[in-house]
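Work through the following exercises with the sequence and the model side by side. Each task sentence is followed by a solution that goes step by step.

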Amino acid sequence: MKSPELRKELSELVLHKRGIRINLQLPLIESEDEISLRSADALAQRLTALSLIRQFSLSEPIQQAILRNDIQAKQLNDCFSANEQQYIFDPAGNQNLLSINGEALRFLLWASGLQKNIGMPDGQSPGAEFEILLASLPDAPNELAIRVKPRSKSEILDWADLLYRLHWAVRHAHITAKPTPGRLHVDAVHEWHKAANWLIQYDDENDWDKVSTETAG
C-alpha cells in the first residue's frame, strides 16, 4: 500500500519533470484506509448523465427536444444533478454553472475501467477511440454498471493527489497572471480534479454540483 507521503513525492516528481511550480506546503491527501470509492452503480449513473449532457450540448434544438423526451421516457432524470437537470429541462435557466466540455466524462471512463489510457488534462481531443467508446455504451445505467470495473483505490488516489497539486499550480499561474504551466488546460484540470474528488467521496459530498476542488494549503 502506497503511503500518502510517497504519493505526494511522486506527484511532485511529475510536476518537476513538466516544469510546473511545486507548493511544498500543500498537505497530504487521504490514505487508502481513509476513503471509500463510489460503487459501480454510482459510476454508471454518473457516466450516463455526463454522456447525455455531452450529447445534448452537441445537438441542434430539434435533436435536443428528442433527447429530452427520451430521458424522461426512460426515467433517467435521477441520474442528473440539479444544475444538469436545469440545463436540459429549463433552457431559460442559468447554464453558466455547468461544464459541458466532457473532461469529467473522459476521466470517469478511465476510472471505470472502460477506457485504457488517460493521458494528461491538456484539453486535447481524445480522438476517434473516445467517440467509438461513447457510442458503444448502453444508456441504461443498470446495463452499464455490469461493464464498469472500477480501478483500485491506489490508482484513483494517485490521480487525486496529482490533480490536487496540478490544480494549485494552474490557479497560482492565473492569480499571478502567468501562462498555464505544463501544457495543461484550465478546464480539464478542474474537471478531472472534481471527478477524482467525487470518486473518493472527498468531504463526504454526494452532490455532484457541490464537490470541492479546493487547493488551499
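Predicted model: local features only at pLDDT ≥ 70, side-chain atom pairs only at ≥ 80, totals over all residues.

Residues are numbered from 1 along each chain as its sequence is written, and side-chain values use heavy atoms, with hydrogens and water left out.

**Exercise 1.** Determine how many salt bridges a search of the whole structure finds, and examine the pair formed by aspartate 158 and lysine 2.

Solution. Begin with the criterion, by which a salt bridge is a side-chain nitrogen of Lys or Arg within 4 Å of a carboxyl oxygen of Asp or Glu. Searching the whole structure gives eleven salt bridges. In one of them, the side chains of aspartate 158 and lysine 2 meet at 3.0 Å, N to O. This pair links distant parts of the chain, since aspartate 158 is in helix H8 and lysine 2 in the segment before H1, 156 residues apart; helices here are DSSP runs (H or I, at least four residues), numbered from the N terminus. Next, classify the exposure, where buried means under 20% relative accessible area, exposed over 50%, and partly exposed in between (1.4 Å probe, protein chains only). Aspartate 158 counts as partly exposed because its relative accessibility is 25%, and lysine 2 is likewise partly exposed, at 22%. Finally, widen the view: Lys2, Arg7, Glu32 and Asp158 are linked in a network of salt bridges.

**Exercise 2.** Decide whether glutamate 103 and arginine 106 are buried or exposed, and describe how they pair.

Solution. First, the closest N and O atoms of glutamate 103 and arginine 106 are 3.8 Å apart, and the two residues form a salt bridge. Second, they are separated by about one helical turn, because they stand three residues apart in helix H5. Third, glutamate 103 is buried at 7% relative accessibility, and arginine 106 is buried at 10%. Helix H5 (residues 103-111) also holds phenylalanine 107, which counts as buried at 0%.

**Exercise 3.** Describe how helix H2 and helix H4 pack.

Solution. Take the axes as lines fitted to C-alpha atoms, for helices over the stretch in contact, with angles running from 0 to 180 degrees between N-to-C directions. Helix H2 (residues 40-57) and helix H4 (residues 82-89) then pack at an angle of about 30°, their axes lying 11 Å apart. The two helices are therefore roughly parallel, a class that takes in angles under 35 degrees.

**Exercise 4.** Locate arginine 183 and aspartate 204, and state what sets their phi angles apart.

Solution. Arginine 183 has a positive phi of about 60° although it is not a glycine, and its place is in the loop between helix H8 (153-175) and helix H9 (186-199). Aspartate 204, also not a glycine, has a positive phi of about 55° and is found in the segment after H9. Arginine 183 counts as exposed at 65% relative accessibility, and aspartate 204 counts as exposed at 68%.

Conventions. Parallel < 35°, antiparallel > 145°, perpendicular 65-115°, else oblique.
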